[in-house]
Amino acid sequence: MSGIGPISSHLRRLFPEADATALRRLAEGALEQPFGRRDVMHSRGSLVPPFVVLDGYVMFRRVAETGQVRAALIAGPGFLGGLRSISDPDGDAIYELVALTDGSWATWDPRFVRGMALEDAGLAIGILDHSSELTVILNMRLDERSFETARQRLATILTRYGKVIFDTPHPVAQRADLAAMIGTSRVMMYRALRELEADGLVERQRSGGIIVLDEERLAGLVSVAAPPGAPTL
């Protein structure tokens, strides 16, 4: 498997207390797969298996019965996901996983990972730690949706992801994705974006990108701050 090297480096970082033998077995048991921009990597229904993003960016999203799209989070290289399937491999998933860019990911059979965790306490603690981090991230997203206006949510997203996702020659995400990310309609999102542009905080590009002109003032609009030590996803 050509990807064992990159997978191993991610595993060592993700599970520093795991036994070296367990990490080697995980690397050897991984299924590495490429994905293309806009691919639905995993559909809503069965739980996404344990995975690590090796390259590229992905988005967790949910399409409501009304057709409205909601995005939970964006994840890049080194992100560990699919942890719930380790505890409940036959459960249902409410989110689908969509590729924002070309890239690759490594996946595992959740029962295989569970068996490994039962044998290695260091690996089990690492899985527990990452599951706890994800809970913090999702609680932060709920706070943002509950307490911030569309303008503030947009400022949060551009502060958090601007340089990586939007302020590039070839934007990773499209402006239309912004509506899903801030949990509002496209009309409301574009209204908030025009307001930020009129205030001199951002500038829209013909390529679909968004340049952040004043990071300090943009960050000043954010009212829900991340708790100390919280992940930055």
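Analyst: A residue is called buried when its relative accessible area is under 20%, exposed when it is over 50%, and partly exposed in between, with a 1.4 Å probe and protein chains only. This is a predicted model, where local features need pLDDT of at least 70 and side-chain atom pairs count only at pLDDT 80 or more, while totals for chains, interfaces and linings use all residues. Residues are numbered from 1 along each chain as its sequence is written, and side-chain values use heavy atoms, with hydrogens and water left out.

User: What percentage of the 233 residues of the protein chain count as buried?
Analyst: The secondary structure comes to nine helices and twelve strands; helices (H or I, at least four residues) and strands (E, at least two) are DSSP runs numbered from the N terminus. The chain exposes about 11,600 Å², and carbon and sulfur atoms supply 52% of that area; accessible areas come from the Shrake-Rupley method with a 1.4 Å probe, and for residues only the protein chains shown count as cover. Of the 233 residues, the part that counts as buried is 48%.

User: Among contacts between residues at least 6 apart in sequence, what percentage join residues at least 24 apart?
Analyst: A contact means heavy atoms within 4.5 Å. Among contacts in the protein chain between residues at least 6 apart in sequence, the share that joins residues at least 24 apart is 71%.

User: Which residues does L154 touch, not counting residues up to four places away in sequence?
Analyst: L154 is one of the core members that touch the most others. Leaving out residues up to four places away in sequence, L154 touches L178, I182, M189, A192, L193 and L196.

User: How many residues of helix 7 are buried?
Analyst: Those buried in helix 7 are R175, D177, L178, A179, A180, M181 and I182. Helix 7 is followed by G183, whose phi is positive, near 70 degrees. The helix is largely enclosed by the rest of the structure because the buried count, out of eight residues, is seven.

User: Is M59 buried or exposed?
Analyst: M59 lies in strand 5 (residues 58–63). Not counting residues up to four places away in sequence, M59 touches A71, L73, I74, E96, L97, V98, L100, D177 and M181. With a relative accessible area of 1%, M59 is buried.

User: What separates the C-alpha atoms of M59 and V40, in Å?
Analyst: M59 and V40 are 19 residues apart along the chain. Their C-alpha atoms are separated by 9.7 Å.

User: Is the pair of F51 and F79 stacked, edge-to-face or tilted?
Analyst: Rings of Phe, Tyr and Trp (its six-membered ring) pair if their centres lie within 6.5 Å; planes under 30 degrees apart count as stacked, over 60 as edge-to-face and the rest as tilted. The structure holds four aromatic pairs. The rings of F51 and F79 have centres 6.0 Å apart and planes at 50 degrees, so this pair is tilted.

User: Where does F79 lie?
Analyst: Both F51 and F79 are buried. F51 lies in strand 4 (residues 51–55), and its pair with F79 ties together parts that are 28 residues apart in sequence, because F79 lies in the loop between strand 6 and strand 7 (80–81).

User: How do the planes of F60 and F79 stand: what is their angle in degrees?
Analyst: F60 is buried, with a relative accessible area of 13%. The ring centres of F60 and F79 are 6.1 Å apart. The pair is edge-to-face because the planes stand at 70 degrees.

User: Which strands stand at the edges of the open sheet of four strands?
Analyst: Two strands pair if DSSP finds at least two bridges between them. The sheet has the order 1-10-4-7, with antiparallel pairing. One side of each edge strand is left without a neighbour in the sheet, because a single partner strand is found for strand 1 (31–35) and strand 7.

User: What is the phi of R38, in degrees?
Analyst: Most residues other than glycine have a negative phi. R38 is found in the loop between strand 1 and strand 2 (40–42), and at 28% relative accessibility R38 counts as partly exposed. Although R38 is not a glycine, its phi is positive, about 75 degrees.

Notes:
Core = buried A, V, L, I, M, F, W, Y, C linked by side-chain atoms within 4.5 Å.
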